[in-house]
Amino acid sequence: GVCWESEVNRRDIVVIGASAGGLDAVRALLVPVEAGFPAAFFFVTHLAPGPSRLDEVLAADISLEVRFAKHGEAIRPGTLLIAPPDRHLILERERVVLTRGPRENLWRPSIDVLFRCAAVAFASRVIGIVLSGALDDGSRRDLDIDSHLAGHDLRQCEPDQQQQAQS
């Protein structure tokens, strides 16, 4: 099993990335997590543009509050926010930002975007987990989180104001 208690005492932002084949791994990871757990969880998977029921599929098995992220909503513990199809999920200090910025490593939403922005906004509070990936998306996660913690500059993590999704 996963020992969350000792890790979450210091870290309360959990970012998770997986390609479409990683949904079983996401379930296995999050099913043991109890409702009201004192961390906020964020999930990016490679979804095709268009309607998705991924939130309903995951909510059926997971005790956390599960839903697609909404632009501008507050970051709260005990939730699993999912990047909606065709939107990057960006974390700021207090809120979630959704954008239709350029694809990264051929994907929107991109695992790398979530991980990089979480590292910039929350530094040592972040736990990053890549369960599976497609091509290079998710491969820079350790570099971005570790580089930020070491004080190195990262690529800019500001959403293009003209491309933000409206909630």
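This is a predicted model: local features need pLDDT of at least 70, side-chain atom pairs count only at pLDDT 80 or more; totals for chains, interfaces and linings use all residues.
Residues are numbered from 1 along each chain as its sequence is written, and side-chain values use heavy atoms, without hydrogens and water.

The largest nonpolar core holds 22 residues, among them Ile16, Phe41 and Leu80. Such a core is a set of buried Ala, Val, Leu, Ile, Met, Phe, Trp, Tyr and Cys residues joined through side-chain atoms within 4.5 Å; buried means under 20% relative accessible area, exposed over 50%, and partly exposed in between (1.4 Å probe, protein chains only). A second, separate core of 20 residues includes Phe42, Ala83, Leu89 and Leu98.

Twelve salt bridges are found in the whole structure, each defined as a side-chain nitrogen of Lys or Arg within 4 Å of a carboxyl oxygen of Asp or Glu. Asp86 forms one with Arg100 (2.8 Å, N to O) and one with Arg108 (2.8 Å, N to O). Asp86 is buried at 10% relative accessibility, and Arg108 is buried at 9%, whereas Arg100 is partly exposed at 37%. The side chain of Arg108 also has a polar atom 2.9 Å from the backbone oxygen of Gly101.

Elsewhere, a network of salt bridges links Glu65, Arg67, Glu73 and Arg76. Within it, the closest N and O atoms of Arg76 and Glu65 are 2.8 Å apart. Arg76 is partly exposed, at 37% relative accessibility, and Glu65 is partly exposed, with a relative accessible area of 37%.

Conventions:
A polar contact is a pair of N or O atoms within 3.5 Å; within protein, one must be able to donate a hydrogen and the other to accept it, and residues adjacent in sequence count only if both atoms are side-chain atoms.
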